[in-house]
Each structure stands twice: as structure tokens, then as C-alpha cells.
Amino acid sequence: MECDYILHHECGLGLEYGRPPTQKFFKQCDFQFHRQNPLPRTRICDICALDIRGFLYQCSHGDIDLHPHCASLPLTFTLPDSNELIELRENTKSRCLKCQRKERAGKVQGLSYVSSDGKLCYHVACLKEACLDNWKRGYFQLDVLANEENKILALQNLAPNQVVRPSEGQSSNAMKGIKLLITFLKLVVSAILGEPFTLVSTLFQIAQN
């Protein structure tokens, strides 16, 4: 049967095969999958701090709610060509690359991806919001991303206060730092949005230059 729906694996099938990886942050919870919110008020995901408008996992004896895909985010991954471990954390002393704060404003804090040295950090919620903003600006279109300048603008919007443009005359350490930053962004974007996305690989091809 043909249809126009595109679903994350976890959203389409649920997590009946076992507990989600992010269960470690909600050890007292017994999550139940719902096709729609069983309660009258809006629910907020306790991982990405954003509204839940479709399928959800809800703790049967608590006030914890998760997007199915957020519930299955990888807990760790390693940056290629380095020993840096990226870890999903509940609390961090590092500042987010997007909002420049250690904690997000609002009732729900959400989780963050943080490098082992603490230099690279991104709130899951901020990453989702930044990607949505890039989409609204038209940056996430293959014809737009064919332009190198638009790639720079899209990357700069993900990390406004960081240098993302390689240029002649930069030291080897500076170039290495830019490549590390872009690789970090690529891995986090891929983990949060879900893989594979052609636009993601196209956007980050600048890291190979």
C-alpha cells in the first residue's frame, strides 16, 4: 500500500523490544506507548523540552513524557580521528553552542550532548530548534546547499559564536578545531534527526575541504 508517511523506526514500531536507551535518566519510570496523548493538556518531552504532538511514551506513575525517537537517542558516540567521547547527559557545566547557556530557560531542562573535555555541548532542544530554523530559512534544500556560502550560513546558524569557515593562513590547530566542531555537529544532527539524510551529508561536506 502506498502512502506519504515517513516515520522514525522507533515511532513506527514502538519500543516493544525493550527499554529505551534513555531509560537510565528515568530509572523509576515504567513507560507506556500511546498513539495519542491520553491526557487533556499538552505534553512536553523531557529529553528535547519540546511539545509532543503525536506518538509518545508516558510514564505510568509519573509526569515524564518522551518522543519515541528521543527515547532511543544514542547515549554515546566517538568523534572520528580523536579520542573524544560524546555523551548524552542530564546535567552539564558546559555552555551550549547555540544558546550559550549551561541550562535552558523553561520548566523542562532536557538533555545535552557533551564532549568528554566539555568544550563541545549542545542541548537536544536547541539543536532541534536550530535545524527547524535552518529549514525555514531554506538552507535545507539540496539546490541551496550546492552553494558553498549557504553551507557556511547554515553551519554558522547552528553554532553562531564559533568559527566554521576554513580559510588560508589559519594555523593547523585552528583548522583541526574547525573540523572537530563540524564533525561534532554532523554526528549530533544525525543522531537527533535520524539517519540517513542526504541534506545532512551534503551540508557537512565542507568539513572535507
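This is a predicted model: local features need pLDDT of at least 70, side-chain atom pairs count only at pLDDT 80 or more; totals for chains, interfaces and linings use all residues.

I start with the cysteines. The sulfur of Cys-48 has its closest cysteine sulfur in Cys-45, at 3.9 Å, which is too far for a bond. Cys-48 is also buried, with a relative accessible area of 0%.

Cys-96 counts as buried, at 1% relative accessibility.

How many disulfides does the count give? A disulfide is a covalent bond between the sulfur atoms of two cysteines. The rule applied here asks for a pair of cysteine sulfur atoms within 2.5 Å. By this rule the count comes to zero disulfides.

Let me now turn to the chain as a whole. It has seven helices and nine strands. Of its 209 residues, 44% count as buried. Among contacts with a separation of 6 or more, 57% are accounted for by residues 24 or more positions apart.

Next, a pair of helices. Helix α3 covers residues 124-136 and helix α5 covers residues 148-158; their axes come within 9 Å and cross at roughly 150 degrees. Are the two helices roughly parallel or roughly antiparallel? The crossing angle is over 145 degrees, and therefore α3 is roughly antiparallel to α5. The crossing in which α3 passes α5 is right-handed. On the α3 side, the contact is made by Leu-127, Ala-130, Cys-131, Asp-133 and Asn-134, and on the α5 side by Ala-154, Asn-157 and Leu-158. By class, the residues of this contact divide into five nonpolar, two polar and one charged.

Helix α5 also holds Ile-152. Ile-152 counts as buried, with a relative accessibility of 6%. Val-164 lies twelve residues from Ile-152 along the chain, and their C-alpha atoms are separated by 6.9 Å.

I come now to the backbone. Most residues other than glycine have a negative phi. Which residues depart from that pattern here? Ala-49 is one of them: although it is not a glycine, it has a positive phi of about 65 degrees. Ala-49 is placed in the loop between β2 (43-44) and β3 (51-52). At 16% relative accessibility, Ala-49 counts as buried, because the limit for that class is under 20%.

Gln-100 is another residue other than glycine with a positive phi, near 65 degrees. Gln-100 lies in the loop between β7 (85-89) and β8 (112-115). With 28% relative accessibility, Gln-100 counts as partly exposed.

Is Glu-87 buried or partly exposed? Its relative accessible area is 26%, so Glu-87 is partly exposed. Leaving aside residues up to four places away in sequence, Glu-87 touches Leu-75, Thr-76, Ser-112, Tyr-113 and Val-114. Glu-87 and Cys-121 are 34 residues apart in sequence, and their C-alpha atoms are 9.5 Å apart in space.

Thank you for your attention.

Key. Residues are numbered from 1 along each chain as its sequence is written. Side-chain values use heavy atoms; hydrogens and water are left out. Buried means under 20% relative accessible area, exposed over 50%, partly exposed in between (1.4 Å probe, protein chains only). Axes are lines fitted to C-alpha atoms, for helices over the stretch in contact, and angles run from 0 to 180 degrees between N-to-C directions. Helices (H or I, at least four residues) and strands (E, at least two) are DSSP runs, numbered from the N terminus. Angles under 35 degrees count as roughly parallel, over 145 as roughly antiparallel, 65 to 115 as roughly perpendicular and the rest as oblique. A crossing is left-handed if the near helix is turned anticlockwise from the far one by less than a right angle, and right-handed if clockwise. Contact means heavy atoms within 4.5 Å. Ala, Val, Leu, Ile, Met, Phe, Trp, Tyr, Cys and Pro count as nonpolar, Asp, Glu, Lys and Arg as charged, and the others, Gly among them, as polar.
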